[in-house]
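Subject: Handover of the structure and notes on what was found

Dear colleague,

I am passing on the structure below, followed by an account of what was found in it. Please read the notes with the coordinates open beside you.

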Amino acid sequence: MLDSMARNAQGKIALSGLDINELTDFVKAMGLPAFRAKQIHTWIYAKYASSLDEMTDLSVELREKLKEVADVPLLTISHLEVSRDGTRKYLFALPDGQLVESVLIAFEDRPNLSVCVSSQVGCAVGCTFCATGYLGFKRNLTSQEIVDQVMCIQREANLRVANIVYMGQGEPLLNTKNVIDSINTINLSVGIGARHITVSTSGIVPGINELAAANLPITLALSLHAPDADTREEIVPITKKYSIHAVMQAISDYYNTTRRRVTIEYVMLKGVNDSDDQARHLAEMLKDVNCNINLIPFNPTRNNKGEIVYLRPDMKTQKRFAEIAGRTGRTVTIRLERGTDIDAACGQLANKFVQSK
Ligand code: SAH
Ligand code: SF4
């Protein structure tokens, strides 16, 4: 049992990110009564303990015994950048040395803090505008590695997070089981309600169906990015495998099962997907879909050759697109940008470090 548990960079079994059942298995394997798991759970998730030494209702002797094999964090903060607007971007080293990033987003006009988590190291989908896509796929994250991103941030910044978005590195619905497990732990152990959790996908039909079957009251966001097959195939290559039609059918089934309104994300790329025609087409195709539309101003990235391939349309074009896209009754918002001075867009920080090695 102990052998199968994840160890941190120091070779110690990491307890943060485990749910109450897993902590119970751990204490039992250590020959301890089950109530010890509850004590440890409270220290980790309610008091943000970062070491066993802080767990003062365990005797010194017991703490020493546990410390021989275990510790709290799984991930190590390898780099932290703080934006002028308060956004904090973390680069985490996983136990095997791979890097992933998470972002703590502090909106000035909202008291609630959001954390953007990664679900994979790199990504296999290869969207042509995305820094994570340029990295390629390395591996899936475990549920524990996803949950500990949130806990590491809460411990480091000493604050409570209210919302989680799966919009960091990776395609969550190509790692659906671990993502669902992590949602359950974030819900039950970290204490963030499913209604405050959003999973963003590039449109993986089997994953959307699996998530629908789990019937969690989370928000599903679909990265649509283009209403026409030609443009979408060019910028989101997985469209060749799961067509727009198949994805929209899965989204409609998802709504019928969960009754949760979906979000349609649309990253604005100058001269690629920002025309009036495309806005009209989008409005038409979404007129009967129970959704909100979220336009994302593109954050320019450099591809593997160091080239900037895409640009962001000017504000006037973005607003015009929003107005047309909303003509059939959907609510359209333009995403407020945070942390642009620290490369807080998806994949950008890890990319910088990987490429400079
Ligand atoms: N793989 C998932 C979730 C991670 S990406 C997905 O694609 O949905 C989260 C969102 O950020 C997606 O909508 C993605 O298209 C968008 N994104 C990626 N790179 C971006 C960039 N450079 N600027 C703005 N948005 C970007
Ligand atoms: Fe992967 Fe999402 Fe980036 Fe596309 S946008 S490459 S799916 S992380």
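Accessible areas here come from the Shrake-Rupley method with a 1.4 Å probe. On that basis the protein chain exposes about 15200 Å², of which carbon and sulfur atoms supply 50%. Please bear in mind throughout that this is a predicted model.

Overall architecture

The protein chain contains twelve helices and 14 strands. Its radius of gyration is 21 Å, close to the 21 Å that the globule rule gives for 357 residues, so the chain is as compact as a globular protein of that length. Taken along the principal axes, the box filled by the C-alpha atoms is roughly 70 × 45 × 40 Å. Buried residues make up 55% of the 357 in the protein chain, and, among contacts with a separation of 6 or more, 66% are between residues 24 or more positions apart. As for charge, the protein chain carries 40 positive and 40 negative side chains, and the centres of these two sets lie 2 Å apart.

Cysteines

How many disulfides does a search of the whole structure find? The search returns zero.

Helix α2

Helix α2 spans residues 35–45, and because eight of its eleven residues are buried, it is largely enclosed by the rest of the structure. The buried residues are Arg36, Ala37, Gln39, Ile40, His41, Trp43, Ile44 and Tyr45. Which helices do the buried residues of α2 pack against? They pack against α1 (20–29), α3 (60–69), α5 (143–157) and α6 (176–190).

Leu141 and Asn175

Leu141 is placed in the loop between β8 (137–140) and α5, and counts as buried at 0% relative accessibility. Leaving aside neighbours within four places in sequence, the contacts of Leu141 are with Leu94, Val100, Ser118, Ser119, Gln120, Val121, Ile146, Gln149, Asn175 and Asn178. Gly126, by comparison, is 15 residues from Leu141 in sequence and 18 Å from it in space, C-alpha to C-alpha.

Asn175, for its part, is found in the loop between β9 and α6, where it counts as buried at 5% relative accessibility. Although Asn175 and Leu141 are 34 residues apart in sequence, their C-alpha atoms are 7.8 Å apart in space. With neighbours within four places again set aside, Asn175 is in contact with Ser119, Gln120, Asn140 and Leu141.

Arg88 lies in strand β4, which covers residues 88–93, and is partly exposed, with a relative accessible area of 22%. Not counting residues up to four places away in sequence, Arg88 touches Leu80, Glu81, Val82, Ser102, Val103, Leu104, Glu156 and Ala157.

Apart from neighbours within four places in sequence, Glu210 is in contact with Thr176, Lys177 and Ile180. For Ile180 the distance from Glu210 is 9.4 Å in space, C-alpha to C-alpha, at 30 residues apart in sequence.

Two backbone points to check

Asn158 has a positive phi of about 50° although it is not a glycine. This residue sits in the loop between α5 and β9 (163–166), and is exposed, with a relative accessible area of 61%.

Asn215 also has a positive phi, near 50°, in a residue other than glycine. Its place is the loop between α7 (205–214) and β11 (219–223), and at 42% relative accessibility Asn215 counts as partly exposed.

With best wishes

Conventions:
Residues are numbered from 1 along each chain as its sequence is written. Chains are lettered from A and ligands numbered from 1 in the order in which they are written. This is a predicted model: local features need pLDDT of at least 70, side-chain atom pairs count only at pLDDT 80 or more; totals for chains, interfaces and linings use all residues. Side-chain values use heavy atoms; hydrogens and water are left out. Helices (H or I, at least four residues) and strands (E, at least two) are DSSP runs, numbered from the N terminus. The radius of gyration is taken over C-alpha atoms; the globule rule is 2.2 Å times the number of residues to the power 0.38. Buried means under 20% relative accessible area, exposed over 50%, partly exposed in between (1.4 Å probe, protein chains only). Contact means heavy atoms within 4.5 Å. Lys and Arg count as positive and Asp and Glu as negative; His and the chain ends are not counted. The place of a charge is taken as NZ of Lys, CZ of Arg, CG of Asp or CD of Glu. A disulfide is a pair of cysteine sulfur atoms within 2.5 Å.
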